[in-house]
Amino acid sequence: MKESAMSQVKSPMNVQDGFYNQLRKENTLIHIYLINGKRLTGKVRRFDRYAVVLGVRQKEILIYKHAIASVTLGEPDSGEPQNYSSMD
């Protein structure tokens with residue numbers, strides 16, 4: 001395949017990108033559980049290959065993807081504060 005043809009071929013969106021993009025577009029509240037046991041609750045503002053920017057209250061937190069253990073949908077009516085908390 002020629003170089004010009006190869007540059008026009010787009011790689012398919014991976015599972016993470018599709019997931020984070022949908023969460024960002026829908027402004028969905030999520031819980032991110034880190035490998036150290038901490039839970040972060042907020043909304044995806046931006047993401048790239050290596051990191052996710054989570055909006056928490058009036059701040060943004062940069063989270064490296066290698067530190068994320070799992071991501072779940074949050075519950076907006078749970079009454080929980082949208083900041084750091086430990087998994088108890």
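Helices (H or I, at least four residues) and strands (E, at least two) are DSSP runs, numbered from the N terminus. The model is predicted: local features need pLDDT of at least 70 and side-chain atom pairs pLDDT 80 or more, while totals for chains, interfaces and linings use all residues. Residues are numbered from 1 along each chain as its sequence is written, and side-chain values use heavy atoms, with hydrogens and water left out.

**View 1. Elements of the protein chain.** The protein chain contains two helices and six strands. From the N terminus, the order is α-α-β-β-β-β-β-β. Of its 88 residues, 30% are buried (under 20% relative accessible area; exposed is over 50%, partly exposed in between; 1.4 Å probe, protein chains only).

**View 2. The largest nonpolar core.** This core (buried Ala, Val, Leu, Ile, Met, Phe, Trp, Tyr and Cys residues joined through side-chain atoms within 4.5 Å) has 13 residues, and Ile-32, Leu-54, Ile-63 and Ile-68 have the most contacts inside it. Two or more residues each come from α2 (15–26), β1 (29–34), β2 (38–47), β3 (51–56) and β4 (59–64).

**View 3. Surroundings of Ile-32.** Beyond its neighbours within four places in sequence, Ile-32 is in contact (heavy atoms within 4.5 Å) with Lys-38, Arg-39, Leu-40, Leu-54, Ile-63, Ile-68, Ser-70 and Val-71.

View 4. Rings of Phe, Tyr and Trp (its six-membered ring) pair if their centres lie within 6.5 Å; planes under 30 degrees apart count as stacked, over 60 as edge-to-face and the rest as tilted. There are two aromatic pairs by this rule. The Tyr-20 and Phe-47 pair is tilted, because the ring centres are 5.8 Å apart and the planes lie at 40 degrees. Tyr-20 belongs to helix α2 and Phe-47 to strand β2, so the pair ties together parts 27 residues apart in sequence. Tyr-20 is buried, at 5% relative accessible area, whereas Phe-47 is partly exposed, at 23%. Ring pairs link Phe-19, Tyr-20 and Phe-47 into a cluster.
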